[in-house]
Amino acid sequence: MVEISAAGVTKASGLAWLAEREGIGPEQIVAYGDMPNDVPMFAWAGRGVAVANAHPAVLDVADEVTASNDHDGVARYLDRLLD
């Protein structure tokens, strides 16, 4: 897998830009991920949630782990969060 983007452009920088535009602080953000490119986003967001089958680098920095992506982990987490 290869990802290409402009220098300094990451999921974290994109999320930070959008949150600032909408007046939302990092502490209000829950980010979900599974690959190493999600690690900076987890560092920025108030809460980082990895799916169970995430890359070890993501599991190491996650605040929480939910079910795998094959078992609707993000949907299950959101269901609990919004319940």
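Biologist: How many helices and strands make up the secondary structure of the chain?

Modeller: The model is predicted. Its chain comes to 4 helices and 3 strands. Along the sequence the pattern reads α-β-α-β-α-β-α. The radius of gyration is 13 Å, close to the 12 Å from the globule rule for 83 residues, so the chain is as compact as a globular protein of that length. The C-alpha atoms fill a box of roughly 35 × 35 × 20 Å along the principal axes. Of the 83 residues, 25% count as buried.

Biologist: What is the order of the strands in the sheet?

Modeller: The order is β1-β2-β3, in an open sheet with parallel pairing. The edge strands are β1 (30-33) and β3 (64-66), and each pairs on one side only. From one strand to the next, the twist averages 30°.

Biologist: Over how many bridges do β1 and β2 pair?

Modeller: They pair over 4 bridges, in the parallel sense.

Biologist: Which side chains of β1 are on its covered face?

Modeller: Start with the general idea. Side chains in a regular strand alternate between the two faces of the sheet. In β1, A31 and G33 make up the covered face. V30 and Y32 make up the uncovered one.

Biologist: Which strands does helix α4 lie across?

Modeller: Helix α4 (residues 73-82) lies across β1, β2 and β3. Its direction is about 160° to β1.

Biologist: How many aromatic pairs does the structure hold, and how do I read one?

Modeller: Two values describe a pair of aromatic rings: the distance of the centres and the angle of the planes. The structure holds 1 such pair. It is formed by Y32 and Y77, at 5.7 Å centre to centre with 75° between the planes. That makes the pair edge-to-face, because the angle is over 60 degrees. The pair links distant parts of the chain, with Y32 in strand β1 and Y77 in helix α4, 45 residues apart.

Biologist: Is Y77 buried or exposed?

Modeller: Y77 is buried, because its relative accessible area is 5% and the cut-off is under 20%. Y32 has a relative accessible area of 21%, so Y32 counts as partly exposed.

Notes
Residues numbered from 1 in each chain as written. Predicted model: local features only at pLDDT ≥ 70, side-chain atom pairs only at ≥ 80, totals over all residues. Heavy atoms only, no water. Pairing = 2+ DSSP bridges. Helix = DSSP H or I, 4+ residues; strand = E, 2+ residues; numbered from the N terminus. Axes fitted to C-alpha atoms, helices over the stretch in contact; angles between N-to-C directions. Contact = heavy atoms within 4.5 Å. Phe/Tyr/Trp six-rings, centres within 6.5 Å; stacked < 30°, edge-to-face > 60°. Buried < 20%, exposed > 50% of the residue type's maximum accessible area, 1.4 Å probe, protein only. Rg over C-alpha atoms; globule rule 2.2 N^0.38 Å.
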